[in-house]
Amino acid sequence: TCYLIEFYEGPVVGGWYKVLDRLIPGTTKVDALKKMLLDQGGFAPCFLGCFLPLVGTLNGLSAQDNWAKLRRDYPDALITNYYLWPAVQLANFYLVPLHYRLAVVQCVAVIWNSYLSWKAHRL
């Protein structure tokens, strides 16, 4: 399951960073703040809302069970997301060149994906 998730996560996040950099082309503190707010306010909730059902589907959950699990786990996962990712993304958008951002996020994502995996496999 983890390897299949990487085929989803890497291209989606990498593509998002390119779009985000075109929408807000700059590296000032204000630009980094705008990128982080757009990332965490728009992209993160949507990404998480797709990621959790994808994991459920890959683990063989029925559509009904997957929906129930999403309703149960999504709010807590999103709140937990906001404890970690805004600070990471603010530093990432301000300090890291575009072509290294995905690598930085993937390093932090080892911890994050461990949490999501635990969340997804919890009954």
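## The second largest cavity

Leu52, Pro53, Val55, Gly56, Asn66, Lys69, Leu70, Asp73, Lys119 and Ala120 line the second largest cavity. A cavity here is a set of points on a 1 Å grid over the protein atoms alone where a 1.4 Å probe fits but cannot get out, and lining residues have an atom within 4 Å of a point. This is a predicted model, where local features need pLDDT of at least 70, side-chain atom pairs count only at pLDDT 80 or more, and totals for chains, interfaces and linings use all residues. Residues are numbered from 1 along each chain as its sequence is written, and side-chain values use heavy atoms, leaving out hydrogens and water.

The space in this second cavity comes to about 80 Å³, with volume being the space filled by probe spheres set on the points, which are joined across faces, edges and corners. Its lining splits into five nonpolar, two polar and three charged residues (Ala, Val, Leu, Ile, Met, Phe, Trp, Tyr, Cys and Pro count as nonpolar, Asp, Glu, Lys and Arg as charged, and the others, Gly among them, as polar).

## The largest cavity

Searching the whole structure turns up two cavities of 30 Å³ or more. The largest holds about 200 Å³ of space. It has 16 lining residues, and Phe43, Phe47, Asn81, Trp85 and Trp112 are the closest to its centre.

Helices H1 (2–23), H2 (29–58), H3 (63–95) and H4 (98–121) each give two or more residues to this lining. H2 supplies the largest share, six residues. By type, the lining of the largest cavity has eleven nonpolar, three polar and two charged residues.

Key
On a 1 Å grid over the protein atoms alone, a cavity is a set of points where a 1.4 Å probe fits but cannot get out, and a pocket is an open set with protein on both sides within 12 Å along at least five of seven lines; lining residues have an atom within 4 Å of a point. Helices (H or I, at least four residues) and strands (E, at least two) are DSSP runs, numbered from the N terminus.
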